[in-house]
Structure formats: structure tokens, C-alpha cells
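The points below concern the ligand, its surroundings and the spaces within the protein.

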Amino acid sequence: MTYAPLRLEDYDISPTNGFLPTKPPLKRLLDPYYEPWEQIMDRFNQYLLAHHIRPLVRKMPVLDTSKLTTEAEYQRAFTILGFMAHAFVWGRNGAVSEPASEFLPASVSIPWVTVADYLQLNPVICCAAVCHWNWQILDEDAEDLMNIDNLGTIHTFSGSMDESWFYLVTTAIEAKGARGLNAILSAISGVERNNTELVTHALNAIAQSLNEANHILERMYERCDPYVFYWKIREFLAGWENMAEAGLPYGVLYEGVDDTDTFSLDNWQSLIRRFRKYAGGSAAQTPLLQAFDIALGIKHYPTGHLGKQSTVAEARNRLREQGVPEPPPANSYLVRMRDYMPSGHRRFLEDLAATCRIREYVLLSCPDTLMHIGDASDPRVALRHAYNGCVDLLKAFRDKHIMIVTRYIIMQAKNGPSITVRPVSPVSNHYIPRAEQSQALTQASAHPPCGGRLGGDSLPADPTMYPQTNTGSSYVVSKGTTGGCPAATTTAGTSTSLEKGRLARKIDDNSVVRGTGGTDAIQFLKQVRNETAHTKL
Ligand code: HEM
């Protein structure tokens with residue numbers, strides 16, 4: 001097989017900023033046509049705080065995306081439509097909260113889906129939207145432009161410094177990851193040329209990049225308060241998959257996109273099949289950590305099935321007999337997270353997996369016997385030490401990350417909120433956009449699909465849920481008009497339990513804490529960490 005070196009620029013990867021764009025993202029779409037979007041973003045936090053987002057988004061015109069020209073414009077459009085969409089779906093959180101909306105108005109969904117198609121992304125908030133395309137440089141003359149202390153965010157949901165810092169930690173890690181990515185390509189080239197010194201040197205550069213990532217990750221505690229993160233920020237980043245407990249049992253219907261043709265109202269399934277389900281934003285969508293995994297030959301198995309790394313003999317045999325590297329990671333969650341990465345980055349991970357044989361090279365160059373002799377001056381021993389140093393640092397990163405998840409999610413969920421929660425307004429913000437759908441809902445209330453979600457059979461209130469269920473509140477869904485859309489009408493005067501829990505809620509000691517992607521967070525993360533540790537040679 002001829003060796004064709006990978007080139008970062010073929011995958012929209014910046015040699016200086018890694019998976020971030022080389023130039024800072026746009027802070028505004030300059031074409032005045034897009035002012036209706038930008039004007040909402042100008043006062044986004046205030047609108048969200050004052051409960052104005054939903055009415056404003058409903059009133060917003062459906063804009064044509066054909067006036068977007070550059071990649072940067074598409075990225076900005078994707079990001080701001082994502083902020084508006086998630087603010088709309090999740091409503092304002094905090095002490096007074098709205099129920100989640102299962103419907104996304106056409107004003108957002110139509111352009112968002114078009115832009116997402118162009119960028120080959122799912123129309124949902126992802127790491128790229130909030131961390132890759134949402135930063136600015138504070139001092140253009142700074143020595144290290146991409147140092148975390150020289151970065152700011154462009155948008156946040158909460159308007160808090162905590163949320164900015166939460167995003168910026170990932171942004172800064174991505175920027176410093178550029179060194180690691182260049183080093184990975186250099187290590188691959190060293191392997192191809194059978195140049196042990198070059199591979200060792202490149203592995204040491206990967207280690208530096210990982211070291212920087214570790215230092216930046218530890219700084220999360222400095223300016224992002226775990227309480228604020230869990231109770232005020234995280235909810236907005238949630239997607240609409242596995243979110244039944246948060247009030248979205250079927251996901252979200254993208255109006256104007258998925259409800260344009262006629263569908264049978266006799267059949268509830270035909271309506272709910274149109275609801276989209278997507279995982280929420282998570283730094284698990286950063287391609288950087290997956291790139292390090294692939295480069296170091298770390299394999300991840302389905303959660304609950306701890307696999308084993310191949311032995312020297314297995315790797316040698318595979319190489320000799322098949323001439324192919326190890327198969328790509330098989331943890332379905334991590335693989336699935338690639339669908340939430342920009343297409344070039346996704347492609348890079350695939351091509352990297354097909355090209356990279358660093359671990360096999362180290363294994364074959366420095367067998368165990370040589371390691372046992374331990375002559376550090378032997379270049380083959382130095383190579384293996386360099387490789388192991390990288391694995392140690394990646395494992396250390398995952399140890400720190402598990403500590404963070406414990407403090408920012410697990411402990412918060414177990415401790416519960418420190419504020420009293422007020423019932424939400426008695427009139428639901430749930431609305432059904434079409435008169436026909438209200439019929440479907442009325443029918444559905446007679447034959448509720450999921451334990452009576454929409455009918456008079458209220459689900460029992462769970463006293464541990466935060467915030468709404470604490471209040472035991474229920475809704476009368478009333479008729480009304482919202483931006484030209486007739487609101488839902490259920491059987492007159494029927495109390496429904498449309499109101500559900502939220503992602504941010506108190507849980508009891510025995511419950512599983514799920515990530516924004518719906519995983520059993522700690523079990524998954526510990527397995528990924530252990531698989532990393534087991535890769536050491
Ligand atoms: C307050 C800070 C953070 C919290 C609470 C947090 C939480 C989580 C959770 C719950 C998961 C499990 C899967 C999921 O739900 O998506 C996860 C996965 C992951 N997170 Fe974070 N995260 C934080 C910061 C970061 C940062 C700064 C990075 C690095 C850029 C990062 C990188 C990852 C990666 C790569 C995974 C996939 C598992 C792995 O490869 O180890 N996270 N995170």
C-alpha cells in the first residue's frame with residue numbers, strides 16, 4: 001500500500017488552531033437581511049431572562065439561507081440558530097421554569113436544518129457550535145493569542161462568566177491540541193520511514209500537547225462554579241434524545257420541515273415518528289480526544305464490555321498477515337458522537353484510523369524483553385517510554401475529567417438545589433402548531449401512547465424532580481394564538497401532566513446520573529479511562 005500522508009488542511013483543520021478555525025469566528029452576520037436573527041442575539045440573555053425568547057422566535061420571519069456565502073457565515077448561522085432553538089425548547093430555567101417545548105417553530109427549524117445540511121451536522125447544539133465557532137480574541141497583540149486568558153466567548157445562554165469559562169476551557173484545549181495533531185502526523189511519517197527517533201520526538205510533542213490539555217482542564221474549577229453549571233447552564237445544552245424525564249418523550253418536531261406533507265391523524269405513530277431525537281452538546285464531541293485515542297491505538301468497547309488491547313504477538317500477526325492497523329473504536333456512543341462533529345473532522349478521524357500504526361510500531365520495535373533490560377539510552381526503549389508517557393497523560397486527563405463530572409454533575413444532582421422553586425405559570429407554553437395536530441392530541445389523550453402523557457392520566461408527581469415536579473403543578477392547556485399558530489386544545493378543562501422534570505434535577509442516591517447524551521455518565525467514563533490505562537505497554 002502506498003503511503004499518502006494526511007494533510008490537516010484537507011480536513012478543515014488549522015495547523016495553528018487545530019479543530020478551531022484559524023481566524024476567529026464571525027461575531028455578526030453583516031448582511032442586513034439577517035438582522036432579525038442578530039437583533040435577537042443582541043439581547044439574547046435579557047430576552048431569555050425575561051421570558052421573551054419564545055414569543056420573539058415565533059414571530060421571527062423564516063429567512064432564506066441562500067444569502068450566506070462563506071463557511072464562517074454558515075458556522076455563525078448554525079451557532080445562533082442553535083442558541084435560539086435550545087432557548088426555545090428548554091425555556092427559561094432557574095427558580096421559575098417553563099416546560100420544555102416539543103415543537104420548534106419554522107422560523108428556526110427551516111433555516112437551521114438547511115444550514116446543518118450544508119455543514120453536514122445534525123441540527124442541534126454541539127461542541128463545534130459553542131466551543132469551536134463561539135470565541136473571540138481579547139488582545140490582538142498578546143504573545144499567545146489562543147491562551148485561555150486571552151479568549152472570550154461570543155454567546156452564552158446564561159450570560160454568566162461560569163458558562164463562558166466552561167466553553168473556553170474546551171476552546172483553549174482544542175487550540176493547544178494543534179501541536180498534538182501536527183505531532184501525530186509527524187509520528188505517522190516516522191513510522192512509515194521506520195525512523196525511531198522521529199517517532200519518539202513526535203510522541204514527546206504529543207505528550208506536551210496532552211500536558212497542556214491537562215493543565216487547562218484543571219482550571220475548570222477557577223471560574224466555573226459547579227452549582228451554576230448544573231442548575232443554570234447544563235439544561236440548555238441538552239438535546240432531545242433520551243429526554244422523556246425532561247419532558248420530551250418523543251423528541252422535538254421541526255415545524256415547516258417534518259410536518260409539511262399530510263399524515264394520518266388516526267395514527268398517533270405517524271405524528272411521533274416525525275419527531276427528531278438528537279443527543280445534546282457535549283465535549284465528547286471534540287474530535288481531539290478521539291484523535292489522540294486513535295493515534296495511540298486506544299480502543300473503546302461498548303459500555304459494559306471491557307475489551308482487551310492486543311498483545312505484541314497479536315499486533316505483529318495482524319500486521320504481517322493482513323497489513324492493516326487495528327479496527328476503529330467500537331464504543332457506539334463515541335462513534336455516534338462523530339455525527340455531531342464537522343464533516344471534515346469526522347473524515348479526519350476515519351482516515352487517521354485507517355492510516356495510523358504508531359502503537360503497532362512501538363510494540364514491534366521494543367518488545368517486552370528489551371523493556372525489562374530497561375536501557376534508557378536505547379532508542380527503542382526511549383520510544384516505548386515516550387509512548388507510555390502519552391498514555392499516562394491521557395489517562396490522567398480522564399481521571400481529572402471524572403473528578404470534574406463528579407463535582408459538577410453527580411454531587412450537584414445528589415445535593416439538590418439550594419433555592420425554593422416557584423410553580424410555573426398555569427398556562428403551558430406547550431403549543432401545537434396546527435389545528436389538525438390538536439385533533440391528534442385529543443385523540444391521543446383518549447389512547448395515550450406513553451402512559452398517558454397527553455391525556456387526563458397525569459403521571460404521578462415525583463417529589464425528587466427539580467424544579468417543577470417539586471411543586472406538583474399541572475397544566476390546563478388552553479387555546480390561544482402564538483405567532484399565527486393556534487395553540488393546542490385538549491378536552492376542555494383537562495388537567496394534563498405535560499410538565500415534567502428537567503435535566504437539572506435532584507436525584508436519589510441509587511439513581512443513575514446521565515450525561516447530556518443519555519449515557520450512564522460515570523460507568524461510561526470509568527470504562528473509557530480504564531481502557532486508556534490498559535493500553536500502556
Ligand atoms: C464542567 C465540565 C465538564 C463536564 C461536567 C463534563 C461532563 C461529561 C459527561 C457527563 C460525559 C459523558 C458523556 C456525555 O454525556 O456526553 C463527558 C464525556 C466527555 N467529555 Fe466532558 N465534561 C466537562 C468538560 C470537558 C472538557 C473541558 C473536555 C475536553 C475538551 C471534555 C471532554 C470529554 C470527552 C472527550 C468525553 C468522552 C469520553 C472520553 O473520551 O473520555 N469534557 N463529559
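This is a predicted model: local features need pLDDT of at least 70, side-chain atom pairs count only at pLDDT 80 or more; totals for chains, interfaces and linings use all residues.

1. A cavity, as the word is used here, is a set of grid points, laid over the protein atoms alone, where a 1.4 Å probe fits but cannot get out; its lining residues have an atom within 4 Å of a point. By that definition, the largest cavity is lined by 40 residues, and those nearest its centre are Ser282, Ala283, Ala284, His401 and Val405.

2. The structure holds four cavities of 30 Å³ or more. In the largest cavity there is about 910 Å³ of space. Two or more lining residues come from each of helix 6 (127-132), helix 7, helix 10 (226-237), helix 12 (287-296), helix 14, helix 18 and helix 21. Helix 18 contributes the most to this lining, namely eight residues. Sorted by class, the lining has 26 nonpolar, ten polar and four charged residues.

3. What sits in the largest cavity? The ligand does. Around the ligand there are 27 residues, of which Ser282, Tyr333, Arg398, His401 and Gly515 come nearest. Ser282 and His401 are also among the residues nearest the centre of the largest cavity.

4. Which residue provides the iron atom of the ligand with its single donor from the protein? The donor is NE2 of His401, at 2.0 Å. His401 belongs to helix 18, which spans residues 379-415. A polar side-chain atom of His401 also lies 2.8 Å from a nitrogen atom of the ligand.

5. In Tyr333, a polar side-chain atom is 2.5 Å from an oxygen atom of the ligand. In Arg398, an N or O atom of the side chain lies 2.7 Å from an oxygen atom of the ligand.

6. The shell around the ligand draws at least two residues from each of helix 7 (161-192), helix 14 (332-337), helix 18 and helix 21 (521-533). Helix 18 has the largest share, with seven residues. By class, the shell consists of 19 nonpolar residues, seven polar residues and one charged residue.

7. Of its 24 lining residues, Asp12, Pro21, Glu71, Gln75 and Trp133 are the closest to its centre. Helix 4 (71-90), helix 5 (106-119) and helix 15 (343-355) are the elements that give two or more residues to this lining. Which helix gives the most to it? Helix 15 does, with four residues. The lining of the largest pocket divides into twelve nonpolar, eight polar and four charged residues.

Notes. Residues are numbered from 1 along each chain as its sequence is written. Side-chain values use heavy atoms; hydrogens and water are left out. Donors are N, O and S atoms within 2.8 Å of the metal (3.2 Å for Na, K and Ca); water is not among the atoms, so sites may look incomplete. A residue is near a molecule or strand if one of its heavy atoms lies within 4 Å of it. A polar contact is a pair of N or O atoms within 3.5 Å; within protein, one must be able to donate a hydrogen and the other to accept it, and residues adjacent in sequence count only if both atoms are side-chain atoms. On a 1 Å grid over the protein atoms alone, a cavity is a set of points where a 1.4 Å probe fits but cannot get out, and a pocket is an open set with protein on both sides within 12 Å along at least five of seven lines; lining residues have an atom within 4 Å of a point. A molecule sits in a cavity or pocket if more than half of its atoms lie within 2 Å of its grid points. Ala, Val, Leu, Ile, Met, Phe, Trp, Tyr, Cys and Pro count as nonpolar, Asp, Glu, Lys and Arg as charged, and the others, Gly among them, as polar. Grid points are joined across faces, edges and corners, and a volume is the space filled by probe spheres set on the points.
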